[in-house]
Amino acid sequence: MTTEPVVTSAPATTTGPANTAAGSSAGAAGADTIVDAGTRGVGADVGRPDGVPKVQGRFAFSSDLWADDFLWGHTLRSPHASARILGIDIGPALATAGVHAVLLADDVPGRLTYGLEHADQPVLADGQVRYVGEPVAVVAADHPDVARRAAEAIVVNYEPTDPLTNPEAAPTAAPIHPNGNVFREINIRHGDLDATGEVVVEGTYEVGMQDQAFMGPESGLALPDDDGGVELFISTQWLHVDREQIAACLGIDEEQVRLTLAGVGGAFGAREDLSLQIHLCLLALHTGKPVKMVYSRDESFFGHVHRHPAKMWYRHHADGDGRLVKVEARIVLDGGAYASTSSAVIANASCFAAGPYKVPAAHIVGLAARTNNPPCGAMRGFGAVQTCFGHESQMDKLAAALNMDPVELRLINALDSGDRLVTGQVITGTFPVAEVIRQCAGAPAPDIPRSDDRRDLPGGSGRTTDAADTVRGTGFAVGFKNLMFSEGYDDYSSAACRVADGVATVTCACAEVGQGFVTLAQQIARTELGVDEVILAPAQTATIGSAGSSSASRQTWMSGGAVQAACRAVRDQILADVAADWGVSPDGLVLRDGLVVSLDGQQEALLAQITAGPGYEADVEYHHAPTEALDENGQGNAHVSFACAAHRVVADVDPDLGLVRIRDITTAQDVGRILNPTQAVGQIEGGTAQGVGLALMEEIVLDNGLVRNASFTDYVIPTTLDMPDVTIAAWVEEPEPDAPYGAKGIGEPPTISSSAAVAAAVRAATGLNLPRIPIRPADIALG
Amino acid sequence: MPDPYSLRVNGVDCEVADSDLAESLLFVLRERLGLTGTKNACTEGECSSCAVLIDGVLTCSCLVLAATAAGQEITTVEGLGDGRDELSVVQEAFVHEGAVQCGFCTPGLIVAVHDLLEANPEPSDGDVREALSGNLCRCTGYGRILAAVHSAAATKRSQP
């Protein structure tokens, strides 16, 4: 290895000038004392430790790695959504000069299938392909173009069959997989199901298939070792669960598979499932050489799961004052060909289907079905995004039916701590929904003059729209979801801390995917240990236990909690030794500014001296409070904690051309406690942008199972011209009692309510029903 | 294999050997010369993560055949700071303003912002948005990036 992933160490990272974030805080002060927020600890505006190498181009992403004499891997994929494979001739490919290996399903030495929750997906297609892009063969060659041409030379004799593409038809259709066509059906029955309201509104809604579209394509480097094992440098969200699946399919012990996190170019859920991990290891073990693989952008669209497309029917009942009486819903998610996390996504979609509102009675039916469409799984918001569009569309419809202000309707129904969800669970943590609504809706209305600058108009510089032809609308939405894993899963993270010579070293396998955990880990260690220099050891499987997934808004709480606990364990050892030495109680000692100090001011010693030599070390596992499975009526304490956000969007629309320009986005969010203001702003702005994309432009277009737009030319994501400034009206800081420092995860809520608020703004501008996102120009112009 | 040729990158003449003439400048920079700062997010000219300057012109290196860039001055992100430890004003601003998350789009943006501020030292918000509208970023929603550009422009203007 001549290039190694940059280990995030602690250089004298510049902290920069005071941040100009628009955020202000509301809500109660925290119970958890923050020790040194004024410096570089928790709460401070500290810069990323990897910021400097990233701006210099020196940070090593998983596609930047190489090794002496390495080979390039390439994947042959199915062109059919459904077909039997009658035969495969690899002869021409193997005969290509420069080719070292061509591998098929028969070459998989261990388990033939993999999967996060159910191992139902073939490593390589075995006699049958079930979606366009399913891997059929992998090739290793001495040049990427040779590998690609060799893959094209493989002759596969397919017998195409009619694909099953309608998830609503899936449960009664002939099974397209031995496990059947239903991933999960959920029935939530809560309260008096015969109740009816004075006012009833009904609607059917649809959400298209969104892609995570991270910038750094799937890539990695596998190196065979001398005793049949393999080392893999990889971009992923969860090293240890990757290892588990890789080892099973390679048929070797987990200890023989050593993963190290390589630089990750974004994730957003798309790296929770395996993509090329097993393929790389197979090729490396087969050839005895290092193998590197980098997906192209079009291949990336086939290489990972997407956000589930949804069809939703809703009926809301309310009394004459607008108080919700009952919510009925049926939600169908298209899970595509393989299970991935569909069973968890449909649980979330169903549990949160009624929104963050008090609902005395609910009947919610959720179905995640198998089809021959591309597999769907995790994406930021994880089921709550789809149903937020449904319940918020319904709340606006209900407000109109009641002739009531839509914000007022939401306020009188807002859930609070102590209230019950439709799953029967009582919310025991903080959940300031009403305050979030008030802060967002009550922010000063933006003063946006009609502009003649074409860049501000729908259609932009294309000179398509005249200012006089635009109409303006304002929309509002609020959404929520759970934090961490649910339904009885024993979710945990591991961390180790060592303090030697006054320097802290933290080891944690948490996948840094861009969210800034590396910054928080250093801040936490500084706060707990009173040190400044904190080294982060590489995230890898060989040195530490699982950190769990960088998903579900869970790492600040879970791995943050693990790092905090490890640091506190080390602190307690140090203080116990010093206390014994000084003949005082450890309760009278603290670590501060690189010193051990007695609170009475009588004694102090240099931490570097106390910890000279081998120093002190601790290794911990941090678990969140246990949760329960849902029962047959979808009832149970299935979730740990909840977070909400609200968005207000102002949009200008050209109704004749169907073009939209968003002029302002204002948001407020339930954050528990802000640990790093600039990083919090970044999560909120970035998450909001992904919601804007889903509302207006992002959709994987399918035609009988075929993907029509697998490129950044045809799958468009928001640019600088599409995203207005995001005004953060308030961070609503009500510290979560069980969370380290009171901080809730903040990554997902911005993506949940932003799509619904954009759709509401376009409806307000046009008066159209617009039951589907993304809203396409024709939906407006011909609507 | 064709004859070796030479590329001038960041002021240094680099010999390119054993390279297929079909290789893009992006590929040669990354895989032949080890300059992996230039990124490969789409390799189809849509995202600008591979942006470099060729004779001062902002270019997607994925769309240029490497051999055609022989004899021209190529500047990559690695050539924009003042040595390993010194950051350019633009790089400094990106770090300070929190414009970096995963960082995959960052090198292309750094190159594009250098180009923008060279041509337009006092860009309006609309100018910045238009100039960077070809640089895709999926993490940030662009807010901190725009803040970094305005901050860098102000710093540059205040320098003698």
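**Domain contacts, chain interface and nonpolar core**

In this predicted model, 13 residues of domain 1 of chain B are in contact with 11 residues of domain 2 of chain B. Strand β3 of chain B (residues 51-54) supplies the largest share of the domain 1 side, namely three residues. By class, that side of domain 1 comprises eight nonpolar, four polar and one charged residues. Domain 1 of chain B spans residues 5-79, and domain 2 spans residues 89-158. The centres of the two domains of chain B, taken over C-alpha atoms, are separated by 22 Å.

Chain B also touches chain A. In this contact, 53 residues come from chain A and 45 residues from chain B. On the side of chain A, the elements that give two or more residues are α1 (51-56) and α14 (677-696). Of the chain A elements, α14(A) gives the most, with eight residues. The side of chain A that touches chain B is made up of 19 nonpolar, 23 polar and 11 charged residues.

The largest nonpolar core contains 306 residues. Within this core, the members that touch the most other members are Ala137(A), Val139(A), Cys281(A), Cys508(A), Ala525(A) and Val758(A). Helix α12 of chain A, which covers residues 555-582, gives the most to the core, with 11 residues. For Val758(A), leaving aside residues up to four places away in sequence, the residues touched are Gly475(A), Val649(A), Ala651(A), Ile662(A), Val692(A), Ala695(A) and Leu696(A).

Conventions
Residues are numbered from 1 along each chain as its sequence is written. Chains are lettered from A and ligands numbered from 1 in the order in which they are written. This is a predicted model: local features need pLDDT of at least 70, side-chain atom pairs count only at pLDDT 80 or more; totals for chains, interfaces and linings use all residues. A nonpolar core is a set of buried Ala, Val, Leu, Ile, Met, Phe, Trp, Tyr and Cys residues joined through C-beta atoms within 7 Å. A residue is buried if 20 or more other C-beta atoms lie within 10 Å of its own, exposed if 12 or fewer, and partly exposed in between; C-beta atoms are placed from the backbone. Helices (H or I, at least four residues) and strands (E, at least two) are DSSP runs, numbered from the N terminus. Two residues are in contact if their C-beta atoms, placed from the backbone, lie within 7 Å. Ala, Val, Leu, Ile, Met, Phe, Trp, Tyr, Cys and Pro count as nonpolar, Asp, Glu, Lys and Arg as charged, and the others, Gly among them, as polar. Domain bounds come from an automatic or database domain assignment.
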